[in-house]
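Grab a pencil and work through these exercises with the structure open beside you. Try each task before you read its solution.

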Amino acid sequence: MLVCTFSLGELYLGIDIVLVREINQSLGYTSVPGAPNHIQGMLNIRGSVITMFNLKQRLDMVKPGDETQQQFDGSGEEDESSSSAPKKRKQQFNIILRTKNEVTRIDKAIAQEDCSWDDPVGLVVDRLGDVQKIDDHTIQVAPANLQGISSDFVRGVVEMDNKLLLILNVGSIFSENEEA
Amino acid sequence: MSEEDDALIAMFVQESTEHLDTIEPDLLILEEQGKDTDPAVVNRMFRGVHTIKGTSGFFGLSNISNLSHTMENLLGKIRENVMVPTAEVTDSLLAGMDKLTQMIEDVPNSESIDASQEKAVIQALLDGSGGGDGAAAKPKAEEAAQEADQGATEAEAQTQQAEEEAEETTQLAKVEPDPQQFPILDNYPEEVQDAIKTGKYLYVIDFKLKGNNSTRQDSFKQFEQLIGPVGTLIATNPIINDELNFLSCKDDILQIFVSTVLDLDLVCSLTELTEKSITQVQIPKSAIKKKEAEEPTTDSGGLVAVGEVYDEVEDEDDEPTPTKRKLRLLNEKLSNQSSSGNGDGIAVASKSAAKQPVVEETLRVSVSLLDELINMAGELVLIRNQLSRTVSTTTSNDPQAPLIQSLDSITSRIQAKVMHARMQQINVVFSKFPRVVRDLANKMDKKITLELRGGEVELDKSVIQHLSDPLTHMIRNVVDHGIELPDIRKAAGKPVNGQVQLAAYHENGMVNIAMIDDGAGIDAEKIKRKAIDKGLITNKQAENMGEEDALALIFAPGFSMAKKVSDVSGRGVGMDVVRTNIEKLRGSVQITSKVGAGTNITLKLPLTLAIIPAMIISVRNHRFAIPEIGLVKIVRVVDSELEDQIQMVYNAPVLRMQDMLLPLVDLADVLEMHVTWPEDSDKTERRARWLHRQVNKNSKKGNPVDGKERRAKRNKVIYIMVINIGGNKFGMVVDNVLDSEEIVVKPLPSYFKENTCFSATTILGDGSVALIIDYAGIMEKANINFGNIEQSELAKRQGEMRSPLHEKQNIIILETGSGLRMGILTRMVRRVEKIRHKDIDLINDNHYVRYTDKTYRIILPGQVLGLEYDNSLEEVIEDENKELCMVISNIPGLQAGLVFAKIVDTMDTYIDLDQQAIQAQGLYGSARLDEHVVLFPNITELFNMVEISAPPPESIWDGAGLKAIVVDDTLFSRLMTTSYLTQADFDVTQAKDGETALELLKEEEFDIMVTDLNMPGMSGFDLVKETRETNNSEIPIIATTLFSSKALEFRCGQAGMVGCVPIMDKVRLMNIVESLKRQ
């Protein structure tokens, strides 16, 4: 399968490209007061309101005490060192996902399995990677001692160029029964 | 047929076609899956056929109605699992459906289409199903089918024969007019010439006469009126004159010779005669030639044109599609109206009109395409905005500026039009109901006035589409079951004309459609019993079911209140359809009903994609949209004037506005937008922050402020949005008001559904998303307590400690014989009846009134209270012509009424009850309303005083030896609640507010507490919390509230209360008390 890859801090992540509708760089999020931290806000993409999830927050990768939620330093390293300096808003990327209906039109099985969302949603990530072709049989079960990410969110891992690519379980990220 | 009818029939055709379109695939599913078919599919087919049956019934299309009725019966059997959907069954249904389609496509001729075969097959299956075995039914069905087949063939043969004959005669007429035959064209040269000139056709119509001479004359007159506007009646055979005896016509047929612009099939539909009885008279060539000779100026082209028209007409007759016919009918009418003298011109014009509909053409476009268009138009607007910004910032006299300008305007127009494409006025649906109601009312011998309001409310097309079915069902149901027959209405003292009101209006970002009638109402108990009979609920469920839930049962599938299956409604499809359809639209249905007074069904629909006017405001640099509905005004407050206009009452900021104090809510506080605010702070503290700003300013006031600073301060302003929600006003403090925009409402992503502060989202002009504020949610979250403000305000203004009944009460004000005014809470009254002298009987010195089938003891309240000595009942009722009012209370089982001279008024008002001024046993107190002193009698006590008492249901509520505490700041309701408990022998202590109650609770132990939720100072919830800290920590607590709701009940449950009942709802209160006792 084809996987759209991106990185988040030190993690190298990927999601099935069938689920991805488009990627852009807009930053005009409308934050929602009272919403959980991992929801970055809403975005208007051609007239439809997309709920944007901050993947880093969602995967609990934000260290406690880092009050300013969504801004992280560019280098990808965890960034407490520069907390005193005024942070420059880093350009982040929006991965807009297809809606369940759109996925159903392409592949019913994937829609059934992965699409836990009904409303249009998207992910905010740090850096984009390439689109990688992956043989299904090379995908392994995530090791139990996976660092930096809860295994609930990981579908499997693939070794690539000495790096570990984590295939995300997208469904669990958007599922509404929170804080698994 | 009028144009209105045409429009209605067109709607029927469209609607039915839509239904048929879904029935066909569903039937195929049924065929494939047999008895395992999803019941929803069967239900859907059933409803579709049902709707067709119902609607065709209105139009008197008996053929369609009959066939669909038979099909419905069969589907009903399948639905009830009485019949197995075998291949024969589905075959017969499919055949029936095909026939239905055929008939509906050709509605005007549907009556002449033979559907007996299909009906017979289905009927045979139905009859066979009595044996319970599909296989057994089969041969029978076939037999029947064959019989029917034969019958049909015979019928066909006959028809054919008749047609042939008819053709022959037509041909005869066409070939050469028989001199013996009527009419002889030569006898009417002028008319014939005129017909040629104006392109009219000539017909001989065989008009069948029935009945005696005068009815014949009438029917002929009717015919004249019909043909009058569209043509000329030239002659008749036999010739009609004053002495003509209509009975003398040969074979009872009057031949009528007419000239008209209508072509053959139009004449048929106009006169409602078959084509057989109408013969077109061909204009002989000689006549045309004559015309040519007479008018040498006309070239031969004109002749050809005329000839062509005829050809055209004949050609088209071969393919009489109904739509074409409809269009042509309209066209003809239009062109006829606009026709002027020139002969050839008209001929050509009418020809072209027939080809080219004048009616605006419509095209079906998928909604998703429209959505895409809307989104793209929005995108276009954004690009336009960006473009115009760059252009205007570069140079002022850019040569591109005009281009940008036209792009600008055209973009706006595109957007507006595209938006509009999806919106429709609700009138589209409403407009068909007056007719529906009229016909139906006539059919059922009822008199009904339908009032439509809010037809201009716009709703999304898809919503509108799905409203037609549920609303039709609702209307049918109300006419069928809701409104009583005129006699019954009269007897109940209601106007003979039943009132049905259909109103659409915006509320809280939803569109509400309310159907209110003043009919019989729905008896919740009856509903329950029926539901038990039908096996929808168990006895136990019924016992625990509240009235609202019971009423909601009418929406359950398979529930029908109709006593018999009728053409109109019944079978329990109606309300079931209503709910499923409305829920599909993500709306909800609410029903309230009062037996004898009527029913109110309200559909709440989300206005997805509806456009609403809104103000864009900003708070802490976040923009929000607030709907203008409910926005009363915007108050701009300059910082330097803040302290003059804003005051603190009980630590809450209020705005002094005219004579009232408006509670203020800081939007930023409610939305918790203060990042720096400590997390553990509670709401009052947060609101206090706003106060803090205030106080700082006040303290600064003491210091001399130099001019510069003052000027700088003056620039700082805040805006207060004054919002009215359900009669309560509050002010929402925002930083800035940016714009007023028509916004497109988009649904709130499900991730934010739990946040009550927002109702939806929208996209602003610059492309960013904004949230739409939900007033009710804000109010709830800010914990505004309206009683609070009014209480303190009134106390301040009046400076005296009377106990204001600050909750509005609906009261009836009545006047006694001596002009004494009394007020009775509407909720205490079952009904008010007009009685007359002759209704009153004197038995054993007591007066009784016979009303309906019951006898009521009547008393004069003034007399019982000892306030009217000189006015005995006899005197009051002596006047034979005088009408009196009898108020029957809703105390269960009490057959007694209070008699008044007349009703003065009913009003929703705040009652400021004064217990001191007028004191009497059986009197709560008095109050001043509209410059009159109004007495408030305690009805229960009044009856007790004359020793009328209800069959004692009270006995089951025995609270002897138990101590209760009643907490309510409202004296009136406190007294009521107390009296309920006292009657049940409770030892009741009253407390006028939470603080007092708490003191008492600390000192004494009580067995039960009943508390109002809405109180100044300490609210009911606070009291509950505090109570847990006292010796009475285990005390069961019942909450009373003016407006009970599920949400509130839930909240009460969460707070650990055992129940939440509406104020003065004795039965519910005492039931809870009783259930506590049992435990």
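Two strands pair if DSSP finds at least two bridges between them, and strands (E, at least two residues) and helices (H or I, at least four residues) are DSSP runs numbered from the N terminus. This is a predicted model, where local features need pLDDT of at least 70, side-chain atom pairs count only at pLDDT 80 or more, and totals for chains, interfaces and linings use all residues. Residues are numbered from 1 along each chain as its sequence is written, while chains are lettered from A and ligands numbered from 1 in the order in which they are written.

**Exercise 1.** Find the strands that pair with β34(B), and say whether each pairing is parallel or antiparallel.

*Solution.* Start with β35 (residues 987-991) of chain B: five bridges join this strand to β34(B), and the two run parallel. Here Val966(B) sits opposite Gln990(B). Next, go to β36 (residues 1008-1012) of chain B, which pairs with β34(B) over four bridges, again in the parallel sense. In this pairing, Ile965(B) faces Met1009(B). Finally, look at helix α33 (residues 971-983) of chain B: together with β34(B) and β35(B), it makes a right-handed β-α-β unit. Right-handed means that, with the strands pointing away from you, the path from the first strand over the helix to the second runs clockwise.

**Exercise 2.** Explain why β34(B) counts as largely enclosed.

**Exercise 3.** Work out which strands lie at the edges of the six-stranded open sheet in chain B.

*Solution.* Write down the order, β25-β29-β30-β28-β27-β26, and note that the pairing is mixed. The edges are β25 (829-836) and β26 (840-843) of chain B, each pairing on one side only. Then zoom in on β27 (residues 846-851) and β28 (residues 854-859) of chain B, which run antiparallel with five bridges between them. One bridge pair to look for is His847(B) with Ile858(B) in β28(B).

**Exercise 4.** Which element gives the largest share of the side of chain B that touches chain A?

*Solution.* Count contacts, meaning C-beta atoms, placed from the backbone, within 7 Å: 21 residues of chain B touch 17 residues of chain A. The largest share on chain B's side, four residues, comes from α14(B).

Note on methods: A residue is buried if 20 or more other C-beta atoms lie within 10 Å of its own, exposed if 12 or fewer, and partly exposed in between; C-beta atoms are placed from the backbone. Two residues are in contact if their C-beta atoms, placed from the backbone, lie within 7 Å.
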